[in-house]
Structures are given as structure tokens and as C-alpha cells.
Amino acid sequence: MLACTSRFGYAGLNKSAVKVRSLGGFERGFQVITCRACEDPPCARACPVDALSAKEGGGVTLDPNKCIGCGYCVDACDIRAVMWDSEWMKPIICVVCGYCVNFCPHGVLALEGVR
Amino acid sequence: MKMTDWVKTLSKVLYIDLARKRYWTEDKTDMFDRWMGGIGVATQLYKEEVPKGVDPLGPDNVAIFAVGPLSGIYPMASKTVAAFKSPLNGYFAESHAGGRSASAVRFAGYGALVIRGVSDRPIYVVIDCEKVRFRDAGALWGMSSMSVGRVLREVTEGAGFRTIMRIGRAGEKMVRYASVITETYRHFGRMGLGAVLGSKKLKALVVMGRGGIKIPNMKPYREVYRELWELAVKSPLAKKYHDLGTPENVLPLNEIGALPTRNFTSGKFEEADEISGEEFAENTLARRVACSVCPVACVHLAAIREEYENEKYFYKTTFISYDYEPIYAVGSNLGVSDRFGLLKIFHALDTEGVDVISTGVILAWSTEATEKGIISEKETLVPLRWGDWINYIKAIHYLTEQPNDFYAVAVRGVEALASKYGGHNYAISFNGVEPAGYHTGPLFISSLITGSRHSHLDAGAYSMDQKILSSGGKLPDPAKAADMIIEEDAWRQVLNSLVICLFARGVYSKGYVVKALNALGYGLGEDHITKLGWEIYADKQRIKIDEGFNPLSVRIPERLLETPTPLGQVSEQYVHKVIEEIFNRISKKKR
């Protein structure tokens, strides 16, 4: 999360497209939520202003100039991988760059190409 | 120190008045500029807040939580420093914990929280960036630390961004060594912060850190971050903490005869093999987790599987964290070698929310006092025998319930028990506080008397004793020993002001501390931070002296002078000379 947030020049968790949370307390372990780069992304279909467009090879790109901050994309993602930036009031969209993978010491995160 | 914009990211202090249910912020740029953050700032806030002579469990004591310029920003900068007046001895005290506490406070936008006053009813407080809410804890009062965590996870927001600091029943009942638990497995364990929050009727503090901090110049920051991360993950510097974890120490300490056993009657536990880090890792380790912003994952969780009493093939599985100190305190020191039983004791302590070290030492004294016939089952209600973990667990619950006079005294510490029943010579405590588990030699004993956390981590002097042993065993002269202790304790004040986890002390050398700060815009040299560490160290000592602390009158329990350490029997005279040297150096410096 820190690595991802740092792409925007911040330290913190506020801009991260990756989320780590416990499964109801540390005693139950953790889940790491990341964008799966869907082939037919529901978030893009939910966007009323075409700010999100499907990318070739999976995933979406956000045009922040078009985005009106309605948050439909957040609800459309069943794996809850569209995060929300409460400062800019826009979604945080994973660009599938793989930078986070460099900072995962336990091999939980990986970036793979799928045919 | 050169004023930087970075100080501004830290300088907001949130004040919460529990009596009037009000809150406000104050800008403390000058304080953070002068004293960095963490313990440096917490010490100054304590001086502002707590007048001499106030009751630690009264309305005038405060709970201060402080973070520092590196908190949440660099790897392993994961700790929050708490400062308060200890209900165990009435002096300035500090306690540190990780979990998500530091990143939550920092990214909520604060450098420190100051909690004042006493609420008229049980409450919990939710800090969501600039908003603070006071919520009725009537339904939570009387709950175990585990249950209150479970409830608050559901009724508050911010999963993944928040810390949930809470007390168990022991804190509510003001057991003087009650702890504050955060994220289930991390503790502000020592010195009784749990009792302080209990006295304020504050059941829990939830802090949501959803914000972020703009980095002034990404290039140097990313470079230093990467280097520190590599050191933390790939170098041997933090390796012991991620492999076996702190229980790695059990066998080496036992080998040299420094593992306190059966109330410090010996430094060797014949069943140490059963409770070693290796045995725990191979047989019960089920998961390792990390604090927020740390790649190391030193938190070792064991799983225990228990069959329901009346239902065959019906099981429950519990995850319980373990570390070296608990293994000493309620393992070797109580003659418990059954790993399952040991984990059950840890779980009982966490559930009630009470410090494992103090409790272990108190139960060890009680067991020996029973053997010697000065107390009996009439007092303890259950027979206490070395190794009998089932009864120890019952006794732990009695500490919370306080069903008779004996337990009502036991919650004030082992010295209080000895004052009432006798058995002073084997009541193991310093200045009202029971010690960490290293019977290594005179430097460690000296540091227990002079350190403000009453933790082995004050100066790491257990390690100095061991180095002396491995280089032939000749003690340095007391002046030299004093220098060694001061130098290390003072340097650790810098680390505790940044605030980094002391398990990262190998990673954060002076050079790296300077690099890490300067990448954020500070313009500091090694000399400056070294001097700052000494100033904080001396200031903390002076506060205690002002509060009436006399280091030379601190009793060294006779048992510790009798039971030989690896460096032989400790000479009281030597320890006193070391302490005298330390305090001479402090009083020579002008305020």
C-alpha cells in the first residue's frame, strides 16, 4: 500500500490501489485486495460518463477529467478492488504497473500476463 | 534543528478532554522542531501536563501517544510511544506498541494525542482524522479485550486503516500493571497504561488514519526507502526477528545460565528445550504477521486446537502470539514447560489485558511464598505449584476479580505483597516494577534501575553483559559501565523519537537515520542527533528525580544477588557505583 501510494508522491495509505485488511481481526489473517484486470470490467460498464475505459489486455484506465465522482464503479466491483480517494473524490484505479510486487517480501503479490 | 516543512506534517497535537467531552488541536511546531517527536515530544508534553504529586489514577494524569517524523514513512517505523505517570510507582513512565497504532495516528494527521480527565461514564473514543466522537461504552464495559475488539471492528469504520487500542477487565479494575492491547497481538504492556485508561473510564480508542503526507522530493526518499527495505528484508540485521522471533533467545540464555527460573532461584531451566523458539516454531507456529509499514513479520502466532469438553470431534482453534518475555515470565519462571499450557496462560493474560512480566513475577513470588508457608491456599484460593498452569490461569482471573485481600494487594505489585506478607528477599522488583527476563549480570540490573521503560530495551544491557562474558568476563570499571549504558540508552531516545521499532536498531544506524531524515528535508548531522538523544535521556531522568525518585535507594532484591549470573554473583556495591556514575553525569549537566 505504501509503495502504491508513493507513485503519487505521498507517504501513507490514502492513494493506494492495493488494500490490505484483516479478515475480521488479526487473529483471522489478512486479505490483500488488488485489481484482477478483468477482461470485461464491470467498473467500466457502470461508469455513466465513460471516464473508465477497458484496456487492451485487461484492466481499465481512468480519465480523471471526465470523472464526476459518482462512485458507481466502486459498487460495481464485487471484489472491492476499486478504492476511493476521499481527498480528490475520485476512484483509485490500478494501472497494473506491478510496482507493489517489488515490495512484497513474501511473494503474495505477482504481476502476470494471461492469454 | 533547521525548521523544515516536514515538521509541519507532524506538529498538530490532538487534545481530548474526557471529563468535558471536548477536543481541540494545538500547533506544536516548535516542540517538534526542538524534540523531534516520539519520546522526545512525549516527555515535553508530560512536563506540560502532569504536575508533581498527582495521583496516577486520578483526573490529573494523562495518557500521551506520540509518533515521529519517520512514523509510517519508512519501513519498520511502526511504533507509538505512550507516556504517563505509572500507577506502579508514581513516576514518569513510557511504553511502546506497534500494530497499526503509529500509521493510524500519523495518517490521521497528528504527531501526538493527549488524553486528559476522567469520564463520568464508560466511553470509547473514535478519531476519524479531524473529527472526534465520544461514544457510550456501557455495553462494552466488563468485556474482555478480545470481545471489545471484535465489537468495535464491526461498529466503527476504516478497516485496514485503523488501530483499535483497548483495555480488558484488568484495566477497568485498575490492576496497576494492566496493559493496553492493540490489533489483538500488540501491547502497551508495561508500567500500567491499562490502569490509567481504566481510571479514565476509557475502554477503547479507535484511530482512523486515512490520510497521506506529501513527500517533498520523491527521488531521495524512494532511494533511502529502498535501501532500508532491502536491509530489513534481506540482510541479517533483522533476521532473528523474522525466523524464530524473539524466542530464539531461550536456549542461548539458558545455556549461559541467564534464563530466570522458578522465581530467579536459578538461571537454568532443565526443561528449556520444551519452550525454545525452535520447538515453538516446529510444533505450534501457524502464522506470522507484521505491524503496519513493516516488512519483517516478527509477530509469531501459534495455533492451539482444543476439543470441546462434551463434544467429541468438535474443536476450536485459537491463534495466540508468543515472544521471549512471556516465555520467561510465565514459563521458566513458573516452571511451566507444557507449551499448550503456556499458550493458554498467554491467552488468559491477553484476554484480561494484563502485563505478562509483572503477573509472572507476582505468581512466582506467590508460589515460593506458598512453599515457604507465609501464605497458603486461604490467600491464593487455588494451590499454586510450579508448572501447574491450570491453577495459574485461575489465579490470573482472580487478579481481575479481586475476591479477597490477597488479590486486592497483588494487583499493586510484588513489593506490595512482600510489604504485607514478608518474603522481601525474593520479591523480584525494582522501584515497584517487576523486571524483564535476563539474569545476565550487573549491567542489566543497573539499567533496570535507571531505565524509564523498565524494559530490557531501555539500554539493551543484557547484551552488554553477554558481550563481557564472551570476551572473558572481566567487568569494566563502573565509570566505563555507566558510559556504556548511557550511550546506548541515549541513542535509543533518538530511535524512539523517530519512531522506529527497536528491532530495527541494526538497520537504522546513525548514518541511516541522518540519511532518512535528510531525504525528507531535514538538514541534520550525526552530532546533532546524538546530542539530542542525550538531552532527552537526561530530561527524562530529571523528571523522575523531581518526582522524588532516588536511584540509590532502589532496593536490589537479595535473591538477585544470591543466584549467580553468568558473570558470577552480582555485587551490590558495583551496581551502586554504576548508578552513582550515571546520575553524576546527569546532575552535572545544567537544565
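Let me begin with a working rule: two residues are in contact if their C-beta atoms, placed from the backbone, lie within 7 Å. What you see above is a predicted model, in which local features need pLDDT of at least 70 and side-chain atom pairs count only at pLDDT 80 or more, while totals for chains, interfaces and linings use all residues. Residues are numbered from 1 along each chain as its sequence is written, and chains are lettered from A, with ligands numbered from 1, in the order in which they are written.

B:Pro442, B:Ile445, B:Ser446, B:Ile449 and B:Thr450 of helix 19 meet B:Tyr574, B:Val575, B:Val578, B:Ile579 and B:Ile582 of helix 25. By class, this contact holds 8 nonpolar residues, 2 polar and no charged, where Ala, Val, Leu, Ile, Met, Phe, Trp, Tyr, Cys and Pro count as nonpolar, Asp, Glu, Lys and Arg as charged, and the others, Gly among them, as polar. The axes of the two helices, residues 442-450 and 572-588 of chain B, come within 9 Å and cross at roughly 45°; axes here are lines fitted to C-alpha atoms, for helices over the stretch in contact, with angles running from 0 to 180 degrees between N-to-C directions. Helix 19 and helix 25 of chain B are therefore oblique to each other, given that angles under 35 degrees count as roughly parallel, over 145 as roughly antiparallel, 65 to 115 as roughly perpendicular and the rest as oblique.

Turning to strands, which pair if DSSP finds at least two bridges between them, chain B has an open sheet of 6 strands in the order 2-1-6-3-4-5, with mixed pairing. Strand 2 (22-27) and strand 5 (92-97) of chain B stand at the edges, each with a single partner strand, so one side of each is left without a neighbour in the sheet. Within chain B, strand 3 (residues 63-66) and strand 6 (residues 112-116) run antiparallel and are joined by 4 bridges, with B:Ala63 opposite B:Ile115.

Finally, the two chains: 27 residues of chain B are in contact with 21 residues of chain A. Helix 8 of chain B gives the most to chain B's side, with 4 residues.
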